[in-house]
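Hi there,

Here is the structure I promised to pass on. Have a look at it first, and then read on for what turned up.

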Amino acid sequence: MGMRLFLLLALGLTSLFSSARANESGHDQQAQAALDLLAEAIQFETVAGRSQVCPYARTLKARFVAAGFAETDTQIFELNEDDTCSLVVRYPGGDGKRRPVIFLAHMDVVEALPEDWSYPPFEMTRKGDRLYGRGVLDNKGSVAAITSTLLHLWASGYRPTRDLYFVVTGDEETTAKTTRLLFSQVAALATAEYALNSDAGLGVLNAERKPIYFQLQTAEKTYATFELTTTNSGGHSSLPRADNAIYELSKALVQLQGFRFPVRSTESTIAYFRASSKLYPGEVGRHMAAFAADPADKVAIEFLDQMQGEAAMIRTTCVATMLQGGHAENALPQTASAMVNCRIFPGVSLATVEALITQAIADLDVSIRALFRPFENPPSDINPDIVEAVSFALGRDYAGTPIIPYVAPYSTDGAIFRANGIPTYGVSGQFIVYPEEKRSHGKDEFLPVESFLKSLHYWNALIRTVSGESR
Ligand SMILES: [Zn+2]
């Protein structure tokens with residue numbers, strides 16, 4: 001890939017950048033338009049149950065239609081039962097020989113209570129070099145950046161060599177039903193070569209705001225929840241017995257606490273530890289390198305298990321998250337139950353995890369039930385074309401930043417795309433100081449203005465690279 005990357009840089013960079021420079025005032029206009037799109041987005045309170053996702057989707061659609069996109073290429077899909085919507089925009093290109101590329105984002109946001117926040121969460125507040133508002137990071141900043149970029153490319157007459165689909169879902173933070181329905185609503189999505197997810201991946205800055213690395217998300221752990229239940233005939237609490245539903249369940253949970261799932265690795269986790277080992281001096285880097293060289297290295301595993309983020313990258317994890325039991329203060333409990341939330345290593349089945357939990361608490365009389373059918377989704381192979389494209393797109397503002405494959409412990413719409421056979425890559429163009437500035441889902445969520453504006457250059461270059469003539 002070295003030569004191809006070199007040619008790409010030599011040929012592509014100059015043309016892209018000279019056009020950007022020649023049109024600096026036009027560029028400022030695009031930046032302002034993008035900021036306006038983001039401010040508009042924040043005003044829609046797209047929290048589940050507040051009926052604001054569909055109005056936001058219609059507003060977004062109207063922007064594309066006003067720019068000249070065909071009505072039939074800007075489809076809204078309503079999910080009446082949940083009062084939410086998704087929007088699928090097709091940017092037509094090519095002669096059908098190249099398979100489409102999907103860009104993925106979501107419109108819904110997590111609840112934000114005005115009394116908790118320093119600024120109104122559903123208004124965009126520009127304070128110093130920061131943009132505050134619910135969703136600026138997750139994920140409206142990227143919705144606005146991609147929308148602005150597509151509209152800008154369209155207005156400049158750009159014609160891609162393949163169809164581009166901009167898929168904006170309406171319930172990523174909750175049930176992801178709009179995402180699950182997409183593949184039956186838009187047949188062409190299943191033909192895509194890959195999807196680029198703006199809701200995953202991350203650029204990481206150090207305290208001096210210099211880029212350290214770019215996380216390219218290639219896989220997500222599978223989200224699953226089990227209910228563990230014990231039952232008992234109960235009785236009067238004045239006559240306790242050895243058998244007791246609450247104690248039985250407690251013992252099971254303590255056994256589960258001490259249980260470690262088998263260590264696993266993939267192409268991406270090995271690449272992650274190899275690349276990260278160079279970023280961390282001393283002990284940390286040494287153990288990361290040792291694990292990359294031999295994922296069975298017991299000393300390295302022991303060490304990584306003590307690091308919260310890395311521990312989640314080497315195995316399935318399950319943890320007790322909710323507890324319920326008994327029916328009266330003065331009665332022996334007849335039932336007790338606990339929720340155990342699992343993040344299953346990519347490629348491992350639900351059945352395997354259930355069997356291991358059962359084994360871990362084998363001597364106890366506990367019933368185990370999976371609460372729903374999870375999206376068992378395969379990891380996506382590291383695709384050199386994507387690495388090149390991202391590397392190129394980072395070139396203007398973050399040149400030379402190492403790109404590190406990343407298996408996420410969290411789960412996004414990307415899991416559903418992978419489960420439908422579409423290799424999916426988390427490539428968010430946002431750079432922040434991590435973890436200090438990562439306030440998605442939290443109080444006073446903000447995005448540095450500079451990060452947002454640079455993400456416009458990034459998406460412009462990325463979209464043109466994956467859909468341009470240069471390869
Ligand atoms: Zn998100």
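A word on contacts before anything else: two residues are in contact when they have heavy atoms within 4.5 Å. Please also keep in mind that this is a predicted model.

**Helix α8**

The residues of α8 that are buried are G285, H287, M288, F291 and A292. Looking down the axis of α8, you will find these buried residues within an arc of 165°, so they line one face of the helix. R286 and A293, on the other side of α8, are exposed. As for its length, α8 covers residues 282-293, twelve residues in total, and reaches 17 Å from its first C-alpha to its last, close to the 16 Å expected at 1.5 Å a residue.

**Helix α15**

Another helix to look at is α15 (residues 449-467), where 16 of the 19 residues are buried, so to speak mostly covered. Its 19 residues should span 27 Å at 1.5 Å a residue, which agrees with the 28 Å between its end C-alpha atoms.

**The disulfides**

How many disulfides does the structure hold? There are two, and with the bonded cysteines counted along the chain they follow the pattern 1-2, 3-4.

One of them joins C54 and C85, with sulfur atoms 2.1 Å apart. The torsion about their S-S bond is about 100°, so this disulfide is right-handed. Because C54 lies in helix α3 (residues 53-67) and C85 in strand β2 (residues 84-91), the pair ties together parts that are 31 residues apart in sequence. Both C54 and C85 are buried.

The other joins C318 and C342, whose sulfur atoms are 2.1 Å apart. This link is right-handed too, with 110° about the S-S bond. Here C318 belongs to strand β12 (residues 317-325) and C342 to strand β14 (residues 335-344), so the pair ties together parts that are 24 residues apart in sequence. C318 counts as buried at 17% relative accessibility, and C342 counts as buried at 0%.

**Glycine 93**

Last, a look at G93, which is found in the loop between β2 and β3 (101-106). Is G93 buried or exposed? Its relative accessibility is 13%, and a residue under 20% is called buried, so G93 counts as buried. Leaving aside residues up to four places away in sequence, G93 touches P160, T161, R162 and D163. N80, by contrast, is 13 residues from G93 in sequence and 32 Å from G93 in space, C-alpha to C-alpha.

Happy browsing, and do write back with any questions!

Best wishes

Terms used. Residues are numbered from 1 along each chain as its sequence is written. This is a predicted model: local features need pLDDT of at least 70, side-chain atom pairs count only at pLDDT 80 or more; totals for chains, interfaces and linings use all residues. Side-chain values use heavy atoms; hydrogens and water are left out. Helices (H or I, at least four residues) and strands (E, at least two) are DSSP runs, numbered from the N terminus. The expected span of a helix is 1.5 Å times one less than its number of residues. Buried means under 20% relative accessible area, exposed over 50%, partly exposed in between (1.4 Å probe, protein chains only). The arc is that of the directions from the helix axis to the C-beta atoms. A disulfide is a pair of cysteine sulfur atoms within 2.5 Å.
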